[in-house]
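Welcome to a short tour of a protein model. Keep the 3D view open beside you and follow along as we look at some helices and the loops between them.

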Amino acid sequence: MRIHVGSTNPNKVGAVQDVIGTYPSFAGSNIVGVDVDSGVDDQPTSLAETVRGATNRAKAAFEGSELSIGLEAGVMEVPGAGPMNVQVCAIFDGKIVHHGLSSAYVLPANVTALMQEQSKTMGEAVHDLFASDIAQSNKEMGLIGVLSGGRIVRRELCRQAVAVAMIHLVPQP
């Protein structure tokens with residue numbers, strides 16, 4: 001089976017490979033990252049916009065595949081908690097889009113302030129606030145990796161979203 005991922009980001013493509021590899025029915029799948037536009041802002045600021053970005057990525061990457069997967073990170077306002085980062089996965093089978101979300105985490109106030117006051121993306125805010133070695137780690141581990149001391153990383157959040165979206169594509173017990 002040919003599966004396209006609507007991104008060439010190694011965290012996203014790797015997360016898809018990790019999850020797809022756990023399903024015997026998808027053994028031998030050819031997973032390819034495809035550079036597509038999300039059709040949303042570089043930093044989605046609502047759950048609706050983040051879902052739209054993931055869906056757009058999945059649909060834009062579908063041509064030439066049997067299944068396509070879009071992943072989009074965004075910030076959503078959660079009542080009583082504040083701005084939280086979440087990964088959204090959309091899997092398109094040519095007819096239906098199946099969605100899944102990762103765990104979410106509250107963004108640090110200094111990151112949120114730069115994002116809101118200076119219209120920066122989360123990545124730009126992290127780069128501006130932290131030392132360059134931490135900013136480099138952010139590219140590999142994500143902000144969650146920096147904040148958790150590597151206990152949970154961006155790729156894991158992507159895996160969670162993909163695994164949840166996959167539940168509708170495999171036979172249920």
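Keep in mind that the model you are viewing is predicted.

Now find helix α3, which covers residues 109-118, and helix α4, which covers residues 122-129. Their axes are 9 Å apart, and the two helices pack at an angle of about 120 degrees. For this reason, α3 and α4 are oblique to each other. Their crossing is right-handed.

Which residues in α3 and α4 meet? From α3 come Asn110, Val111, Leu114 and Met115, and from α4 come Met122, Ala125, Val126, Asp128 and Leu129. Sorted by type, the residues of this contact are seven nonpolar, one polar and one charged.

## The loop between α3 and α4

Let's look at two residues of the loop that lies between α3 and α4. Serine 119 has its place there, and its phi is near 55 degrees, a positive value in a residue other than glycine. Is serine 119 buried or exposed? With a relative accessibility of 65%, serine 119 counts as exposed, because the cut-off for that label is over 50%.

Threonine 121 lies in this loop too, but at 18% relative accessibility threonine 121 counts as buried. Buried means under 20%. Leaving out residues up to four places away in sequence, threonine 121 touches Asp42, Gln43 and Met115.

## Where α1 meets α6

Next, turn to a second pair of helices, α1 and α6. Their axes come within 8 Å and cross at roughly 45 degrees. That angle makes α1 oblique to α6, and the crossing is right-handed.

The α1 side of the contact consists of Pro10, Asn11, Lys12, Gly14, Ala15, Val16, Asp18, Val19 and Ile20. Facing them in α6 are Arg154, Arg155, Cys158, Arg159, Val162, Ala163 and Met166. The residues of this contact divide into nine nonpolar, two polar and five charged.

Helix α6 spans residues 154-166, which is 13 residues. From its first C-alpha to its last, α6 reaches 19 Å, close to the 18 Å expected at 1.5 Å a residue. Its buried residues are Leu157, Cys158, Gln160, Ala161, Val162, Ala165 and Met166. Cys158, Val162 and Met166 are also among the α6 residues that meet α1.

Helix α2, residues 47-60, has 14 residues. Its reach from first C-alpha to last is 20 Å, close to the expected 20 Å. Which residues of α2 are buried? They are Glu49, Thr50, Gly53, Ala54, Thr55, Arg57 and Ala58. These buried residues pack against α1 (10-20) and against the strands β3 (67-78), β4 (82-92) and β5 (97-101).

## Isoleucine 144, a buried residue

Helix α5 covers residues 132-147, and isoleucine 144 lies in it. The relative accessible area of isoleucine 144 is 11%, so this residue is buried. Setting aside its neighbours within four places in sequence, isoleucine 144 is in contact with Tyr105, Ile152, Val153, Arg154 and Leu157.

One of those partners is Arg154. The C-alpha atoms of isoleucine 144 and arginine 154 are 6.4 Å apart, and the two residues are 10 residues apart along the chain. Arg154 is also one of the α6 residues that meet α1.

## Two exposed aspartates

Finish your tour in the loop between β2 (30-33) and α2, where aspartate 35 has its place. Aspartate 37 lies in that loop as well. Aspartate 35 counts as exposed at 68% relative accessibility, and aspartate 37 is exposed with a relative accessible area of 60%.

How far apart are the C-alpha atoms of aspartate 35 and valine 146? They are separated by 27 Å, and the residues are 111 residues apart along the chain. For aspartate 37 and valine 126, which are 89 residues apart along the chain, the C-alpha separation is 23 Å.

How values were computed:
Residues numbered from 1 in each chain as written. Predicted model: local features only at pLDDT ≥ 70, side-chain atom pairs only at ≥ 80, totals over all residues. Heavy atoms only, no water. Axes fitted to C-alpha atoms, helices over the stretch in contact; angles between N-to-C directions. Helix = DSSP H or I, 4+ residues; strand = E, 2+ residues; numbered from the N terminus. Parallel < 35°, antiparallel > 145°, perpendicular 65-115°, else oblique. Left-handed = near helix turned anticlockwise from the far one by under 90°. Contact = heavy atoms within 4.5 Å. Nonpolar A, V, L, I, M, F, W, Y, C, P; charged D, E, K, R; others polar. Expected span 1.5 Å × (residues − 1). Buried < 20%, exposed > 50% of the residue type's maximum accessible area, 1.4 Å probe, protein only.
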